[in-house]
Amino acid sequence: DAAGHLNIGAGAAGSMLGGLGGIIIGFGAGFIVIYGGSLLPGGPQVIIALLLGAAIAAGLTLASIVFEPWLMWLHGYRRPARHELPALHPLADRVGEAMGLSGLPPILIDDDMRAPAAWAYTRHIVVSKRLLELPSEELGGILAHELHHWRTGDYVATIFVSMCALPTALSMVI
């Protein structure tokens, strides 16, 4: 909801599960088409390991989506202050309407980022405080860009790919 509380109904949960299922099936089909011939010599252990890895990555992706409001809090992002609302929300509403969006995610502020910047998560858009200093035309363009990422669920794919690569990343650190 607008306050960033966990509010996942059956429809939203079904959409997330369907999206994750589609990612897994698409990844699996693409992987088999590209690497299928090289999997046969490895035997069923390779296929089981790949499927298990994809399932773990999907679970971690879902957990990241569910716990996103707490992650926003841990990052220190905040809701816009009263004096920031006039520069942000009417513009975001106009951009969302022009994009045909029926609703907008909560927009949070990052006070620590020193440069004008913005990024989309699965259920939030974050803008740096410095971004609010830009002219409304530029701010509107950046909001449109981030709302497009939000609408298409780009961050879900980013999380999933990151979770697939997590064992490799951890092996480099350990």
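The model is predicted, so local features need pLDDT of at least 70 and side-chain atom pairs count only at pLDDT 80 or more, while totals for chains, interfaces and linings use all residues. Residues are numbered from 1 along each chain as its sequence is written, and side-chain values use heavy atoms, leaving out hydrogens and water.

Aromatic rings come first. Rings of Phe, Tyr and Trp (its six-membered ring) pair if their centres lie within 6.5 Å; planes under 30 degrees apart are stacked, over 60 edge-to-face, and the rest tilted. By this rule there are four aromatic pairs. One of them, Phe67 with Trp70, is tilted, at 5.6 Å centre to centre and 50° between the planes.

How are the planes of Tyr121 and Tyr155 placed? They stand at 70° with the ring centres 5.0 Å apart, so this pair is edge-to-face. Tyr121 lies in the loop between strand S2 (118-120) and strand S3 (125-128), and Tyr155 in helix H6 (residues 154-173), so the pair ties together parts 34 residues apart in sequence. Helices (H or I, at least four residues) and strands (E, at least two) are DSSP runs, numbered from the N terminus.

Is Tyr121 buried or exposed? Tyr121 is buried, at 10% relative accessibility; Tyr155 is partly exposed, at 27%. Buried means under 20% relative accessible area, exposed over 50%, and partly exposed in between (1.4 Å probe, protein chains only).
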